[in-house]
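Dear colleague,

Please find below the structure that I am handing over to you. My notes on what was found in it follow directly after.

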Amino acid sequence: MKPRAITGLGITSALGTGSTETLAALAAPSSPATATARTPIASFDASSYEDPPIVEVPGFDPTKYLGDKGLRTLDRLTKLLVVAARLSLHDAGLKKDGQWAALAPERVGVCCSNAYGSLEAITELDRVAVLEDARYINPAKFPNTVSNSASGYVSIWEDLRALNVSVSDGNCGALDAIACADIFLETGRAEAILTGGGEAMSEALFLAFDKLRVLGTNGTGARIGEGAAFLVLEPLELAKARGAKVLATITGYGTSFIAPKDDVTLLFSSSEALERAIKNALDDAGITASDVDLVVSGVSGIARFDDEERTAIGKVLGSSVPVTAPKQVFGETLGAGGALGMAAALACLDGSAPACLVSGSAPAKVDTVLVTSVGYYGNASAVVVTRGS
Amino acid sequence: MRVFITGVGVISSIGLGKDAFWKALAEGKSGISPVEAFDTSNLGRSNAGEVKAFHPRDHLSAAEVRRMGRCSQMALAAARMAITDAALPEGALSGPRASVVLGTTMGEAGVLEDLDHAWIAKGLPGVRRAWIPKYGSTLLPIHVARAIGAEGSVLTLPAACAAGNYAIGLACDLIRAGKADVIVTGAAEMLQELQYSGFVRLAAMAPTKCQPFDLNRQGLILGEGAGILVVESEAHAVRRNARVLAEVGGHGMTCDAYHITRPHPEAAGSIGAMRQAIERSGLQPDAVDFVNAHGTGTKHNDAAESKVMRDVFGDRKVPISSMKSMLGHCMGAASALEAIGCLMTLETGIYPPTIGYETPDPECDVDVVANEARKGKADIVLNNSLAFGGYNSVTCLARPGKLPAPKETTA
């Protein structure tokens with residue numbers, strides 16, 4: 001792909017709200033896992049679960065960023081995404097103190113990944129339908145049940161009118177959103193695109209993964225997480241021309257799908273899909289395996305997927321390549337996963353020591369990072385991001 | 001690079017398969033009937049464009065039926081029809097140069113309903129573990145890709161009531177960018193109780209019928225179905241000597257950034273999307289012969305859309321019609337089904353009617369193809385869609401050979 005500048009970053013995550021906070025926490029020498037504050041579960045009544053293996057955005061207070069008007073009927077997913085979007089626009093210098101400072105709203109778009117929609121809203125209305133009657137569901141809450149609702153609110157709150165494209169591809173979605181944004185920039189549909197994703201914690205999400213018996217116990221293994229992150233992507237030359245600071249440059253993307261063998265659930269992990277995705281991404285970037293200084297993986301603590309991911313990385317890039325697993329800190333944030341992986345890559349490109357290293361040793365220099373993700377149904381995606389411009 | 005549509009498949013309330021679907025559309029046959037899938041007796045509304053003639057086992061294996069929800073079942077059934085229609089040989093969709101890009105509003109809403117209702121009524125032990133991985137809109141293209149052997153991008157675009165157009169648009173962009181040779185695209189949606197109740201509670205649903213552009217229109221009627229299209233690069237289509245149904249021209253996308261459910265009163269975003277579709281086709285507005293309206297039958301939508309027509313086409317009254325008068329609003333699947341109707345218009349020179357049109361509305365001063373199909377020039381048509389979230393999307397479809405050579409895009 002043509003080089004796409006990352007000119008801004010906005011995050012709501014387990015490490016806090018705001019890119020500076022998150023990157024600083026990732027760079028902290030102490031283990032980020034212990035740095036995550038243990039706060040009571042805020043997104044649902046968790047009193048009947050003992051120490052559930054979930055990760056929330058601690059003390060998330062959208063009013064601090066959005067004011068207190070118009071938030072009453074918004075769900076958690078929307079608030080996480082809108083805050084991340086607002087922060088990214090300001091970080092990119094497209095807005096200043098809430099006002100447009102560069103580009104026009106007609107030329108700025110959104111490409112947003114999410115895996116499961118607002119389970120919070122759907123479950124709340126389903127509860128009314130089952131326990132009372134469907135005719136009593138709250139019409140003000142109904143719009144939140146629609147899959148692209150949160151992404152639509154990002155455009156509404158931030159006045160982004162170029163285009164808004166929602167993407168759903170499980171935990172690969174945010175990397176795929178980058179590929180979509182690349183094409184939309186290539187075809188001149190926008191000059192800047194907020195690209196990323198979000199997922200919100202809810203009781204239903206936690207229970208679904210818990211019931212599938214993939215979450216960890218006693219502080220080890222996978223935790224389901226939440227959060228949102230947007231990268232502001234612009235064509236590199238245009239970004240330079242407007243004098244934007246360039247945090248890093250995306251130069252390659254690859255994806256692949258291998259049909260699931262399992263005939264019942266379709267849950268399927270294959271190293272082959274990621275091997276191909278990585279090779280495609282390296283080809284797309286015009287680099288070779290030896291150019292990759294660091295891999296930010298999607299390793300989450302679910303062994304059957306982690307094993308295949310690490311096998312694929314080892315096969316293509318060699319066994320000594322350093323690999324990190326930021327989901328140790330963020331949890332498995334699904335639709336947001338690839339975007340938070342990109343944030344972790346930015347921290348390392350910015351000079352921080354790689355956090356959550358799961359193999360290899362910390363490299364002396366990090367100029368090129370590969371971000372990977374393995375989906376649950378045979379799909380995999382990878383993105384190459386390089387230092388500066 | 002030109003992009004061609006070479007095959008289509010349809011699951012709809014007015015017929016299965018392209019031929020039955022088109023015959024019913026041209027005859028003005030309504031697919032609206034009382035809902036059977038769930039109890040509507042307390043809701044004050046009971047009609048929908050429910051697909052009653054779809055028997056999954058006619059199209060899918062027993063194992064396929066077991067492992068997928070209704071939405072994926074309809075998507076795969078329509079995909080198989082489209083591939084047969086495209087006369088693609090076995091294996092032609094295998095490998096990394098074939099992709100699947102589908103749109104939907106809610107995807108497997110029925111699976112989630114089953115899980116949620118079991119949990120709420122019986123508690124967690126009542127939830128069937130094997131059902132959990134069946135939920136997620138991402139599964140639609142996974143099921144299709146697995147069945148046909150595609151190994152490229154496998155993407156879902158949840159773009160609500162414009163999802164079909166978004167999927168077709170991205171699929172064509174992927175082909176033009178050289179990322180794929182052939183893509184199975186389109187959209188699927190199933191009727192589901194919570195969604196139905198929600199539209200009732202929003203006071204958006206008409207009592208019995210959908211009357212787009214009529215003065216006395218009372219709202220939308222929901223529907224369901226799947227519309228799937230095979231799109232190919234010109235080189236791929238020529239290489240295999242494919243029959244070309246239509247060429248896909250420009251695709252316009254904007255966001256209102258105004259309100260989550262209502263279109264912008266000045267329709268600026270929607271106007272912009274339609275202008276983009278025309279300009280990106282290398283055309284002027286005077287080249288457009290027919291517009292397939294989003295035409296939901298709500299006060300706001302049809303008035304906004306009429307503004308778009310006046311703004312884009314000026315005094316020239318381009319014929320416009322809404323298939324939703326017959327199909328109901330099939331949400332995510334709507335614009336995919338309607339794209340298929342559009343290419344049949346290109347093939348036959350027949351504009352399908354807007355049925356139930358009785359009283360002109362001064363606010364909708366457009367040339368509605370009222371009640372009876374009309375013959376007319378059909379070289380270039382536009383498929384208009386507006387969606388929840390302020391998403392606007394317009395696709396230009398053309399009779400083969402009627403579009404100027406595409407310009408090379410620049411970043």
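Two residues are in contact here if their C-beta atoms, placed from the backbone, lie within 7 Å. Please also bear in mind that this is a predicted model.

I begin with the domains of chain B. The assignment gives domain 1 (3–239) and domain 2 (249–398), and their C-alpha centres lie 21 Å apart. By the contact criterion, 59 residues of domain 1 of chain B touch 58 residues of domain 2 of chain B. On the domain 1 side, helix 6 of chain B provides the largest share, eight residues. By class, that side has 33 nonpolar, 19 polar and seven charged residues.

Helix 6 (residues 163–176) of chain B also packs on helix 12 (residues 334–348) of chain B, with an angle of about 70 degrees and axes 5 Å apart. Because angles of 65 to 115 degrees count as roughly perpendicular, the two helices are described as roughly perpendicular to each other. Helix 6 of chain B contributes B:Gly164, B:Asn165, B:Ala167 and B:Ile168 to this contact, while helix 12 of chain B contributes B:Ala334, B:Ser335, B:Ala336 and B:Ala339. Five of these residues are nonpolar, three are polar and none is charged.

Finally, there is the contact between the chains, which takes 64 residues from chain B and 67 residues from chain A. Among the elements of chain B that give two or more residues to it are helix 4 (109–122) and helix 6. The largest share of the chain B side, six residues, comes from helix 4 of chain B. The residues of that side divide into 35 nonpolar, 20 polar and nine charged.

With kind regards

Definitions and conventions. Residues are numbered from 1 along each chain as its sequence is written. Chains are lettered from A and ligands numbered from 1 in the order in which they are written. This is a predicted model: local features need pLDDT of at least 70, side-chain atom pairs count only at pLDDT 80 or more; totals for chains, interfaces and linings use all residues. Axes are lines fitted to C-alpha atoms, for helices over the stretch in contact, and angles run from 0 to 180 degrees between N-to-C directions. Helices (H or I, at least four residues) and strands (E, at least two) are DSSP runs, numbered from the N terminus. Angles under 35 degrees count as roughly parallel, over 145 as roughly antiparallel, 65 to 115 as roughly perpendicular and the rest as oblique. Ala, Val, Leu, Ile, Met, Phe, Trp, Tyr, Cys and Pro count as nonpolar, Asp, Glu, Lys and Arg as charged, and the others, Gly among them, as polar. Domain bounds come from an automatic or database domain assignment.
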